[in-house]
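Subject: Structure handover

Hello,

Here is the structure for your files. My notes on the sheets, the helices and the chain contact follow below.

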Amino acid sequence: MELAIKTENLCKHYYTGFFTKKIRALDNLNLEVKVGEIFGFLGPNGAGKTTTIKILLGLTKPSSGKALVLEATPTSAKTRRRIGFLPEAPYFYDHLTAEEFLSFCAQLQGLKNQKIAIDSILTVVGLTTARKVQLRHFSRGMLQRIGIAQALLADPELVILDEPMGGLDPIGRKEIRDVIIGLKEQGKTIFFSTHILSDVEMLCSRVGILINGKLITVGVLNEILNESFENIEVTIKGLKPDAIAQFQRNAWKTYIAEDKVTFYVSQEEEAYFLLAKAQACGGKLVSFLPRRKTLEEHFIREVAKESKK
Amino acid sequence: MKILAIVENTFKEAIRDRILLVLLVIGFIAIGSAKIIKPLALGEEAKIIKDLGLATITLTAVLTTILIGGKLVYKEVEKRTIYIMLAKPVTRYQFIIGKYLGLVLVIFFTITIMTGGYYLMLSLTNTEATLSLLLPILMTFFEVLIIIALALFFSSIATPITASLITFVVYFISNFTRDLKALAQISPSVVVKALANFFYYLLPNLANFNIRNLVIHNAIINPATILLSILYALIYSALVLCFAALIFQRKDF
């Protein structure tokens with residue numbers, strides 16, 4: 001299995017304050033991201049997501065442990081040539097025009113056909129008409145797009161995006177999502193951190209949840225959510241009031257709307273038992289829905305669990 | 001190629017910065033004021049006009065270095081543009097060298113423009129404009145090479161205001177290092193002696209670069225002294241840059 005990112009027992013601590021208090025930003029992080037996948041890196045503020053990203057880019061050195069990116073050390077300039085990066089809430093040189101900024105980035109990347117690359121990426125991010133505009137006149141969404149453009153300019157194998165949807169309106173988020181899906185179709189690996197969980201559910205093949213520097217959950221999104229199965233909703237119509245009263249005892253919650261009744265039961269067997277009895281009483285099945293937790297619910301539960309420790 | 005890109009970006013950023021424009025305007029006004037004070041010079045017009053112009057060029061170049069150089073690295077860290085740069089295949093040494101050469105280019109540009117204005121003023125006031133006046137300007141350029149390296153060094157460890165302040169203090173003391181040596185010789189205190197000697201050897205001797213009076217008074221200048229000063233500027237700047245790069249290399253962002 002080819003890995004785009006691999007960390008082994010990665011730790012990072014900082015010392016702050018007059019009495020040099022030790023703060024542990026990362027605690028034995030073991031993470032693997034496969035080539036070609038979209039990996040969502042989740043966690044509350046201060047969980048250590050950005051610290052991890054900085055280590056993966058060679059911007060910060062780990063206190064202990066090892067990080068490999070594209071099977072090489074991120075401190076090597078050769079490795080970074082193969083990575084595209086968008087920082088959180090990016091600020092760019094506002095004295096430059098979009099074209100000048102991308103030309104500067106192209107030179108730093110050592111690109112040969114700079115003009116072709118710039119024209120092409122400006123088209124991808126929809127900023128062709130703004131190429132001569134200074135970045136100081138760009139809106140938040142345009143800045144995010146120029147940030148994506150500089151990250152993708154050198155056709156990287158791995159794209160690391162730190163909060164790419166931050167501060168964007170729904171249209172802007174949709175545009176960035178489309179760019180990410182396009183990258184996945186080209187076989188690129190995308191590693192992104194975000195707070196917007198609906199985007200993760202739409203985009204990611206796998207996710208990792210980082211809390212207080214520790215990786216709490218990691219795996220395929222569907223499997224994580226299936227594990228967090230919550231209850232079954234059985235909706236039946238045509239039941240008489242006395243039958244409803246009888247079945248209510250089997251359900252932990254009941255919701256009545258017009259002639260339909262929804263019973264919430266915890267176990268699958270209980271649900272089938274209730275359905276059989278309801279049908280015997282003349283009830284007709286409307287829906288039978290096993291309900292799993294959303295990623296947001298799972299995330300909030302994990303954060304709450306960790307904060308209690 | 002990568003260093004050139006950083007040089008070009010640093011230069012563009014500086015010339016689009018209002019501080020440079022303001023300093024250039026003030027510099028031109030100071031040079032132009034020679035025309036006003038000419039009637040007050042009582043027979044020393046040529047010397048005063050020449051000296052005022054040369055001093056203005058030096059002051060403008062030094063202030064530009066301190067004010068722009070002081071925020072050169074810190075601003076990149078504070079605004080997080082450094083993430084964009086260092087996440088690309090750029091080494092930290094390339095970054096430091098690129099920033100340094102970018103500011104050198106800005107100072108070269110500033111001094112060239114100011115020199116143009118200076119010679120224009122000499123011609124407007126019918127003052128003899130000899131080529132020998134270029135020599136102190138050249139020495140100012142080499143003096144500023146050292147200050148740029150110091151500003152860059154302080155900018156990589158302190159905030160812009162602190163870095164500018166420290167650079168200014170170091171520049172000021174570095175013009176009087178001979179006095180430090182004298183202090184070390186006459187002071188009875190061992191501590192003062194040690195401190196004075198320490199700073200004498202640590203700080204650059206910038207007084208060597210001030211040959212304005214010698215040129216204005218047509219004194220003979222030994223070319224070897226000039227060449228030695230230039231060599232000194234290059235070596236001192238290179239050493240300070242190495243320290244800045246070493247600090248920068250170990251830094252976490």
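β1 (residues 3-16) of chain A pairs with β2(A) over 10 bridges, in the antiparallel sense. L3(A) sits opposite K34(A) of β2(A).

This is a predicted model, in which local features need pLDDT of at least 70 and side-chain atom pairs count only at pLDDT 80 or more, while totals for chains, interfaces and linings use all residues. Residues are numbered from 1 along each chain as its sequence is written, with chains lettered from A and ligands numbered from 1 in the order in which they are written.

A sheet of 6 strands in chain A is also open, has mixed pairing and runs β5-β6-β7-β3-β8-β9. Its edge strands are β5 (83-86) and β9 (214-220) of chain A. Within it, β6 (residues 158-162) and β7 (residues 189-194) of chain A are parallel partners over 5 bridges, and D162(A) faces S193(A) in β7(A). Helix α5 (residues 140-152) of chain A lies across β5 and β6 of chain A, at about 165° to β5(A). Helix α11 (residues 295-308) of chain A lies across β3 (38-42), β8 (206-211) and β9 of chain A, at about 30° to β8(A).

In chain B, the axes of α3 (residues 45-69) and α7 (residues 134-155) come within 9 Å and cross at roughly 15°. The two helices α3(B) and α7(B) are therefore roughly parallel (angles under 35 degrees). Their contact (C-beta atoms, placed from the backbone, within 7 Å) includes L54(B) and I57(B) of α3(B) and P136(B) and I137(B) of α7(B).

The contact between the chains takes 21 residues from chain B and 24 residues from chain A. On the side of chain B, α1 (2-15) and α5 (81-86) are the elements that give two or more residues.

Regards

Key. Axes are lines fitted to C-alpha atoms, for helices over the stretch in contact, and angles run from 0 to 180 degrees between N-to-C directions. Helices (H or I, at least four residues) and strands (E, at least two) are DSSP runs, numbered from the N terminus. Angles under 35 degrees count as roughly parallel, over 145 as roughly antiparallel, 65 to 115 as roughly perpendicular and the rest as oblique. Two residues are in contact if their C-beta atoms, placed from the backbone, lie within 7 Å. Two strands pair if DSSP finds at least two bridges between them.
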